[in-house]
Amino acid sequence: MLRTLEKLADVLGFISSFVARVMLVLVAAILFLQVVLRYGFGFSLPWPEEAARYLMIWVVMLAGSLLVKDEQLVRVDFFDGYWPRRLLSIRNAIFRLMLCALLAVLVWKGYENADFGQRRMSATLQLSFYWIYLSVPVGAALMLFHMLVLALRDLVRGTPENDQPSILKAEI
């Protein structure tokens, strides 16, 4: 079951990465167009800043889920070399499950906010704020899934032997 979840996590990670990259390219292209029009021709469009802002929100939420999946978030691991491996994996699983609870609240409240945003439209794009605010529960749900997979991995397999704290990997 864990392998199936890890494969699903890889597929979701690939899709999230692809979509985030496409959106980031769109942001760059839209802003480049706006700069060329504004400074090259003295004319600007009303929608590029708004579109770039909303696309960047989606990029950040999708990329955040990739950071969770790849365990690239900031952590304090100075004393981890002194913990027994099994205790370290249990501690990590407990921390991950606590974060899952917070992410579940973010999914719930984020969707409530997105639902509330259905009644509002963005100024220039005339896009429902539902689609903009939906980035929060979608990104949080992806983070929640990846965090659950990592917690399950910690409980089943324990902490991998090659996953030493960064302070122990450093060469002097």
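This is a predicted model: local features need pLDDT of at least 70, side-chain atom pairs count only at pLDDT 80 or more; totals for chains, interfaces and linings use all residues.
**Close-up 1. Helices α1 and α5 run roughly antiparallel to each other.** The axes of α1 (residues 2-41) and α5 (residues 135-157) come within 10 Å and cross at roughly 150 degrees. Angles over 145 degrees count as roughly antiparallel, which is why the pair gets that label. As for handedness, α1 goes past α5 in a left-handed crossing.

**Close-up 2. Here are the residues where α1 meets α5.** On the α1 side, look for Leu2, Arg3, Leu5, Glu6, Leu8, Ala9, Leu12, Gly13 and Ser16. Their partners in α5 are Leu142, Phe145, His146, Val149, Leu152, Arg153, Val156 and Arg157. Sorted by class, the contact of α1 with α5 comes to ten nonpolar, three polar and four charged residues.

**Close-up 3. Glutamate 71 and arginine 96 pair up in a salt bridge.** Their side chains meet at 2.8 Å, N to O. Glutamate 71 sits in the loop between α2 (48-69) and α3 (85-116), while arginine 96 belongs to helix α3, so this pair ties together parts that are 25 residues apart in sequence. What about burial: is arginine 96 buried or exposed? With a relative accessible area of 11%, arginine 96 is buried; the cut-off for that label is under 20%. Glutamate 71, with 27%, is partly exposed.

**Close-up 4. The pair from the previous view belongs to a network of salt bridges.** Glu71, Arg96, Arg153 and Asp154 are the residues linked in this network. For the whole structure, the tally of salt bridges is eleven.

**Close-up 5. Lysine 69 and aspartate 70 form a salt bridge.** The N to O distance between the two side chains is 3.6 Å.

**Close-up 6. Within helix α3, glutamate 112 and lysine 109 are three residues apart, about one turn of the helix.** Their side chains meet in a salt bridge, at 3.3 Å from N to O. Glutamate 112 has a relative accessible area of 37%, which makes it partly exposed. Lysine 109 is partly exposed too, with a value of 42%.

**Close-up 7. Glutamate 71 and glutamine 126 each show a positive phi without being a glycine.** Glutamate 71 has a phi of about 55 degrees, and its place is in the loop between α2 and α3. Where does glutamine 126 sit? Glutamine 126 is found in the loop between α3 and α4 (129-133), and its phi is also positive, at about 55 degrees. With 49% relative accessibility, glutamine 126 counts as partly exposed; the exposed label needs over 50%.

**Close-up 8. Glycine 42 lies in the loop between α1 and α2.** Glycine 42 has 68% relative accessibility and therefore counts as exposed.

Key. Residues are numbered from 1 along each chain as its sequence is written. Side-chain values use heavy atoms; hydrogens and water are left out. A salt bridge is a side-chain nitrogen of Lys or Arg within 4 Å of a carboxyl oxygen of Asp or Glu. Helices (H or I, at least four residues) and strands (E, at least two) are DSSP runs, numbered from the N terminus. Buried means under 20% relative accessible area, exposed over 50%, partly exposed in between (1.4 Å probe, protein chains only). Axes are lines fitted to C-alpha atoms, for helices over the stretch in contact, and angles run from 0 to 180 degrees between N-to-C directions. Angles under 35 degrees count as roughly parallel, over 145 as roughly antiparallel, 65 to 115 as roughly perpendicular and the rest as oblique. A crossing is left-handed if the near helix is turned anticlockwise from the far one by less than a right angle, and right-handed if clockwise. Contact means heavy atoms within 4.5 Å. Ala, Val, Leu, Ile, Met, Phe, Trp, Tyr, Cys and Pro count as nonpolar, Asp, Glu, Lys and Arg as charged, and the others, Gly among them, as polar.
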